[in-house]
Structures are given as structure tokens and as C-alpha cells.
Amino acid sequence: MNREQVIRLIKELDIQPGQCIWDIEERVYDRLGFSNVDCSRGASKECIIFKNEPFVIKWCKSRYRDDAVKEVQIYERAMQAGVAKFFPPTASLCCHNGLTFIVQAKVDCSVSSCDFQTMNRYNERYHTASPKIMAKIQKCMYKASDGEYARRLNSTWMRAALVLYGKRAVKDLCDFIIAERINDLHESNIGWKDGKPIILDFCGYR
């Protein structure tokens, strides 16, 4: 499915601001079939996951606080800061009915949806990470919340980031997370892509 086909699909679905997600999902499944697509939703964004494509489509439920656009902007700043490897490529796609739809590279799974065997394998592979450095990373995560909304980062994910990319790269990521106030890195918002740690939802929670 190319860019033009995806834009045409969005216009055919004719999603409206504030529309009931059940109506949207029914329309998506009727149009594409349960075997080809899945739908997901979070606190502020909706997502269409194409099972046979390397990308997902996201948009914000409200036109007044666009967290989908915010993810595009954060990804662009991540590239400038040299930490884009921790984020899936994210770009604006089109606007329709006052909503901005973005396209984002699909990850393999979130930490929360990853099976036990895979997580155990990652634990064994990345076990050499220093507990002392991991504690410093967690302290950075709490700083990003500014006392409002702290999350404890998954330890396996932290180990993988340290072993694969090193302390300097993870320190740069921590600085970026604090600067961007990415305060909602629970286990459904971080995950894995080709065995590497990645942040799949990074607009933060306010």
C-alpha cells in the first residue's frame, strides 16, 4: 500500500473529530477485514495497524490538542539530537476533517505484549548492564515527569539500551526525554524492533 492509497483510505473512512472509536473500528474492519488490520487506542490517540504493511496510522481524538502532530515534531527533534534510533520514523501524512493523520514505522511488539520467552531471552542477552547505571536512568525518568506523572521504566528494556548503545547514547536519550517531558514510558509505550529497544508512543501524558 503506497502513500496515495493510504490517504485515499483515510478519506473513504471519513473519520470525524470526537467520533466514537467503535464506529471507527467497525468502518475499518468492514473496509479492510479483520485478517488485514487491527485498531488500537490510547489516552489521546487512535491507531490503525496494518498487519501486512511496515507502518501504522495514528491520529488524535481531538483537533484541539494534537498529540499525533507532537510525535512528528518530537521525532524531528530526536533526529537533530542524535537519538532517533530510539524512536520509530514518524511523519505527517495528511489532514482530513480537521484531523492530522501521521504515519509511523511499525514495531515488533510493546514490552507489555511481548511473550515471556522473548523477554527472558532479552534478559539473558543483555544481562551485563550495570545496576548502578540503570538506577541513574530511572532517576532521569522521574525527572521527566516533573513530579506530575512518574513511570518506572522496564528493567529489561533499560539493559538492552545500555548494552546495545552504551552509556553516552543512553545519557543523551535521558537528556532528550527530560527536555521533551516524555513522562509516560510504561510498558505499552516502549517495545522492540528487530530485537532493539524502541519508544513507540512518546507524546507524554498531561
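This is a predicted model: local features need pLDDT of at least 70, side-chain atom pairs count only at pLDDT 80 or more; totals for chains, interfaces and linings use all residues.
Local features were considered at pLDDT of at least 70 and side-chain atom pairs only at pLDDT 80 or more, whereas totals for chains, interfaces and linings use all residues. Residues are numbered from 1 along each chain as its sequence is written, and side-chain values use heavy atoms, without hydrogens or water.

Helix α6 (155-180) contains T156; helices are DSSP runs of H or I with at least four residues, numbered from the N terminus. Beyond its neighbours within four places in sequence, T156 is in contact with M119, Y122, N123 and W192 (contact: heavy atoms within 4.5 Å). The side chain of T156 also forms a polar contact of 2.9 Å with that of N123; such a contact is a pair of N or O atoms within 3.5 Å, one able to donate a hydrogen and the other to accept it, and residues adjacent in sequence count only if both atoms are side-chain atoms.

By contrast, the C-alpha atoms of L32 and E71 are separated by 26 Å, the two residues being 39 apart along the chain.

Terms used
Helices (H or I, at least four residues) and strands (E, at least two) are DSSP runs, numbered from the N terminus.
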